[in-house]
Amino acid sequence: MLRNVKWIIVVSVLAITFVANATAGEVEVLHWWTSGGEAAAVQELQKMLQNEGHTWRDFAVAGGAGANAMTALKSRAVSGNPPTAAQVKGPQIQEWAALGVLTNLDDVAQAENWDKLVPGVVADIMKYEGHWVAVPVNVHRINWLWCNPAVFQKAGAQYPKTWDEFFAACEKIQKAGLIPVGFGGQAWQEATAWESIVAGVGGTDFYKKTLIQADEQALASDTMVKALDIFKRIKPYTDRNAPGRDWNLATTMVIKGEAAMQFMGDWAKGEFTAAGKLPGKDYDALTVPGTADAFLFNVDSFIMFEVKDPAAKAAQKAMARLILSPDFQVAFNVSKGSIPVRAGIAETPFDAVAIASMKDFEATAKSGGLMPSMAHEMAVSPAVRGAMFDVITNFYNSDMSAADAAQKLADAVREAKM
Ligand code: BGC
C-alpha cells in the first residue's frame, strides 16, 4: 500500500514537472528601471517568473522617464522584432493597441478578477476598445519634495508649506554653504517640477485646465505666468552641475546631505530605501507647497506583444498574472517607492510615506484632487506633451520672460493639436 502511494507521488511529481517545463518560456522585457531602487524592484518580477520556470531576458534601456526606452522599442518594432513585453504608459498604450500588435489579456484579467481589483480610472487606461491590453504595476505620486532634515537643521531652516517659506528656507540653506535644491537639468525633470508647481500655484482646477485639457487660454493666463516665475526662481538655488544630471544622482545629493531638497516622484523613495535610509529619521517627504490636496499620479504598466510560440505565450501570461498578485504588489512597491495598484493590500510592511500616499490616493479620488501627470505621460497626447516640454526647457534654460513663455506654451500647444 505504502509503496503504491510512493509511486503515485513520484509519477505526479514527474507529471507536474513535465507540464511546468512544457510551458516554460522566455520573456524579453523592455524597461528603464536601472537605478538602485528601480533595479531592486524589477528583480522581484524576474525572481517570481524564474520561480515558475520561465526565463527572463532583460532589455533595460537607461534614461529617466523612459524616452530612450521608447526609442529603442520603436526601432525594434519597426524591424518586426518587438520584445515580448514592454514598459509603456498612458495614451501610448492606446497607440500601440491601435496598430493591432498587442496580446489580448482578457483571459488573465477574467481569471484574476482584474475588473474588481483595479480602480476604474486605471483600468480605462489599460484597456483598448474594452479589452485589457496592458497590466498596471503601481501608482506613483509626483508632487513630492524630498527633504534631508539634518541639512535643514544645520541651516536653521524650517520645512516649507508655502512658496514664501520655501524661498526663505532656500536662502538660509544657501547662506549656510549648502545646496538648497538637488536638481537634474533634463527636460523631463524640469517638467516634473513645473507640473507640481502649476498644481501648487494654480490649484487643482487650474492644473486640470492647463495640463489635462491643454486649454490655450489658461496656458497663457496670469496664473501660469506666476507658476512659471516660481519655477524659474528655483534655479539660483540649484548647483552649477545640475544641467544634464540624472535624477537618481540628484536624490543621492539629498541622501548624502549635500542638498536639502529634491522635487521628484516617489521613485526617489526607492533610492532612499536602497541606501538603507528611513523616512521620518533620515529623510522626509513633504507635498510640494500648495499641493497637499492634490495627488498627481502616474501608473507604470506593461504591454505584451503578440507572440506565436506557445511557451512564450505562457510566460507572457504568467508575467501578467504575477504583476497583479498580492506578493508581487508588496515586494515590488516597497522597493520602488510607489503604492499597490490593486485593492486589498495591507498597509504592513509599507512605510509611513507609502501609507500616507495610500490614504491620499483614496481621499483625492473622492475630492477631485487625483490628477494624471502630464510629465509622466498620463494626461495629454505625446504631441502636446512634447510641445510643453520644449517650451518649458527653453524657458528654464534661457532668459525668456515668464509672460513670453506662457504665450509660447499656448501657441505651441495649439499647433501640436492640429
Ligand atoms: C516612471 C518610474 C521611473 C521614473 C524614472 C517614471 O516615468 O513612471 O517608474 O522610476 O520615470 O525613470
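Good morning. The model is predicted, so local features need pLDDT of at least 70 and side-chain atom pairs count only at pLDDT 80 or more, while totals for chains, interfaces and linings use all residues. Residues are numbered from 1 along each chain as its sequence is written, and side-chain values use heavy atoms, with hydrogens and water left out.

I begin with the ligand. It is surrounded by 13 residues, of which E38, K89, D300, K336 and H376 are the closest; a residue belongs here if one of its heavy atoms lies within 4 Å of the ligand. This shell comprises 5 nonpolar, 4 polar and 4 charged residues. Asp, Glu, Lys and Arg count as charged, and Gly is among the polar ones.

Which side chains make polar contacts, that is, pairs of N or O atoms within 3.5 Å? E38 places a polar side-chain atom 2.5 Å from a ligand oxygen. For H376, a side-chain N or O atom is 2.8 Å from an oxygen of the ligand, and for N298 the distance from a polar side-chain atom to a ligand oxygen is 3.2 Å. The protein buries 100% of the 310 Å² that the ligand exposes when taken alone, by the Shrake-Rupley method with a 1.4 Å probe.

On a 1 Å grid over the protein atoms alone, a cavity is a set of points where a 1.4 Å probe fits but cannot get out, and lining residues have an atom within 4 Å of a point. The whole structure holds 1 cavity of 30 Å³ or more. The largest cavity has a volume of about 110 Å³, the space filled by probe spheres set on the points. Its lining numbers 15 residues, and W32, E38, A65, W267 and K336 are the closest to its centre.

Technical notes
A polar contact is a pair of N or O atoms within 3.5 Å; within protein, one must be able to donate a hydrogen and the other to accept it, and residues adjacent in sequence count only if both atoms are side-chain atoms. On a 1 Å grid over the protein atoms alone, a cavity is a set of points where a 1.4 Å probe fits but cannot get out, and a pocket is an open set with protein on both sides within 12 Å along at least five of seven lines; lining residues have an atom within 4 Å of a point.
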